[in-house]
Amino acid sequence: MSELFSLKGKRVLITGSTRGIGRLLAQGMVEHDAEVIINSTTQDKSQAVADELNAQGFKAYAVAFDVTDTEAVHKSIDYIEQNIGPIDVLINNAGIQRRHPFCEFPEKDFDDIIRVNQKAVFIVSQAVARYMVKRNQGKIINIGSMQSELGRDTITPYAASKGAVKMLTRGMCVELARYNIQVNGIAPGYFATELTKPLVENKEFTEWLCKRTPANRWGDPKELIGAAVFLSSKASDFVNGHLLFVDGGMLAAV
Ligand code: NDP
């Protein structure tokens with residue numbers, strides 16, 4: 001494998017990596033020689049995924065914390081840095097979705113979405129960046145969404161939270177570039193996971209999606225691995241503040 005894309009010796013923390021996109025990114029990272037730290041809100045589930053990866057001969061650790069709990073985040077990042085080793089790459093992947101028509105959208109659901117999808121990117125990135133700044137090196141990848149660019153029924157708070165992720169990415173890039181830290185985003189289109197389950201189960205939605213997407217299909221979460229490896233590797237050392245759309249061309253098609 002080209003040195004340019006090798007993640008040998010890199011330690012990657014992926015929030016929300018017990019299932020869906022985060023789980024597959026963890027697999028992709030270890031298959032490119034990185035060590036991974038698996039995270040979710042539950043230690044048992046995180047440990048089970050780390051055990052699966054270790055059983056495959058890779059190196060994985062489990063550190064559960066709720067990304068919205070500032071104290072737990074700081075304690076966990078300190079623990080990782082002091083007991084496991086430096087975090088070279090942070091992937092802010094944990095995210096939630098709630099769907100309701102705008103006029104009935106419960107305020108609590110709005111708050112939950114903003115806390116997990118938006119505020120937690122700030123909390124976790126700040127905790128990790130303080131260490132990266134001291135080392136004058138690091139990469140942060142924020143999982144946004146193509147929905148930051150579209151207006152669609154029933155997901156207005158989600159789209160707004162992902163719009164904020166886009167701007168957190170740009171602002172962090174500008175402030176952290178001087179410390180040799182690259183901050184980029186990946187904006188997935190539609191991928192079949194737990195988060196999109198109601199849509200996957202809706203035949204009419206799949207018909208609409210296929211018509212609307214030049215690639216004519218759902219994305220497979222494995223198809224996000226290439227973008228994450230690129231943005232974690234030396235190959236992207238001068239790529240900063242970018243949002244990489246992985247959407248089968250959906251955004252390009254009007
Ligand atoms: P899933 O629902 O399949 O997985 C979400 C993961 O995040 C789980 O591991 C979950 O574990 C964890 N998680 C949720 N809340 C927290 C929290 N507060 N603290 C720590 N971990 C948490 O989602 P996807 O894999 O589909 O989505 C991953 C990311 O990709 C999200 O940011 C999403 O917005 C984004 N995305 C997804 C798209 C798709 O089509 N699927 C499209 C565009 C963007 P647990 O709940 O057990 O703690």
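N180 lies in the loop that links helix 5 (156-176) to strand 6 (181-188), where helices (H or I, at least four residues) and strands (E, at least two) are DSSP runs numbered from the N terminus. The model is a predicted one, in which local features need pLDDT of at least 70, side-chain atom pairs count only at pLDDT 80 or more, and totals for chains, interfaces and linings use all residues. Residue numbers start from 1 along each chain, following the sequence as written.

Most residues other than glycine have a negative phi. The phi of N180, however, is near 60 degrees, a positive value in a residue other than glycine. N180 is partly exposed, because 14 other C-beta atoms lie within 10 Å; a residue counts as buried with 20 or more other C-beta atoms within 10 Å of its own, as exposed with 12 or fewer, and as partly exposed in between, the C-beta atoms being placed from the backbone.

## A second case: N216

N216 also has a positive phi, near 65 degrees, and is likewise a residue other than glycine. N216 sits in the loop between helix 7 (203-212) and helix 8 (225-232), and is exposed, since 11 other C-beta atoms lie within 10 Å.

Seven strands form an open sheet in the order 3-2-1-4-5-6-7, with parallel pairing, two strands being paired if DSSP finds at least two bridges between them. Strand 3 and strand 7 (243-246) stand at the edges with a single partner strand each, so one side of each is left without a neighbour in the sheet. On average, and with direction ignored, neighbouring strands of this sheet are turned by 20 degrees against each other; axes here are lines fitted to C-alpha atoms, for helices over the stretch in contact, and angles run from 0 to 180 degrees between N-to-C directions.

Helix 4 (residues 107-135) packs on the sheet and touches strand 4 (89-92), strand 5 (138-143) and strand 6, and its direction makes about 170 degrees with that of strand 4. Contact between two residues requires that their C-beta atoms, placed from the backbone, lie within 7 Å.

## Strand 2 and its two partners

Strand 1 (residues 11-14) and strand 2 run parallel and are joined by four bridges; R11 has E35 of strand 2 as its bridge partner, and I14 stands opposite I38 in strand 2. Together, strand 1, helix 1 and strand 2 make a right-handed β-α-β unit, a crossover being right-handed if, with the strands pointing away from the viewer, the path from the first strand over the helix to the second runs clockwise.

Strand 2 also pairs with strand 3 (residues 60-62) in the parallel sense, over three bridges, and V36 stands opposite A60 in strand 3. Between strand 2 and strand 3 the chain crosses through helix 2 (residues 43-55), in a β-α-β crossover that is right-handed. In a regular strand the side chains alternate between the two faces of the sheet. In strand 2 (residues 35-38), E35 and I37 point one way while V36 and I38 point the other way, and all are buried.

## Helix 8, an enclosed element

Six of the eight residues of helix 8 are buried, so this helix is largely enclosed by the rest of the structure. The buried residues are I225, A227, A228, V229, L231 and S232, and what covers them includes strand 1, helix 1, strand 4, strand 5, strand 6 and strand 7.

A228 is 146 residues away from Q82 in sequence, and the two are 25 Å apart in space, C-alpha to C-alpha. Q82 belongs to helix 3 (residues 70-84) and is exposed, because 9 other C-beta atoms lie within 10 Å.

## A64 and its contacts

A64 occupies the loop between strand 3 and helix 3, and is partly exposed, with 17 other C-beta atoms within 10 Å. When neighbours within four places in sequence are left aside, A64 is in contact with N39, S40, T41, T42, Q43 and S46.

## The shell around the ligand

Of the 30 residues around the ligand, G16, G20, T41, G95 and T193 come nearest, where a residue is near a molecule or strand if its C-beta atom, placed from the backbone, lies within 6 Å of it. Helix 1 (residues 20-31) gives the most to this shell, with three residues. By type, the shell divides into 10 nonpolar, 16 polar and four charged residues; Ala, Val, Leu, Ile, Met, Phe, Trp, Tyr, Cys and Pro count as nonpolar, Asp, Glu, Lys and Arg as charged, and the others, Gly among them, as polar.
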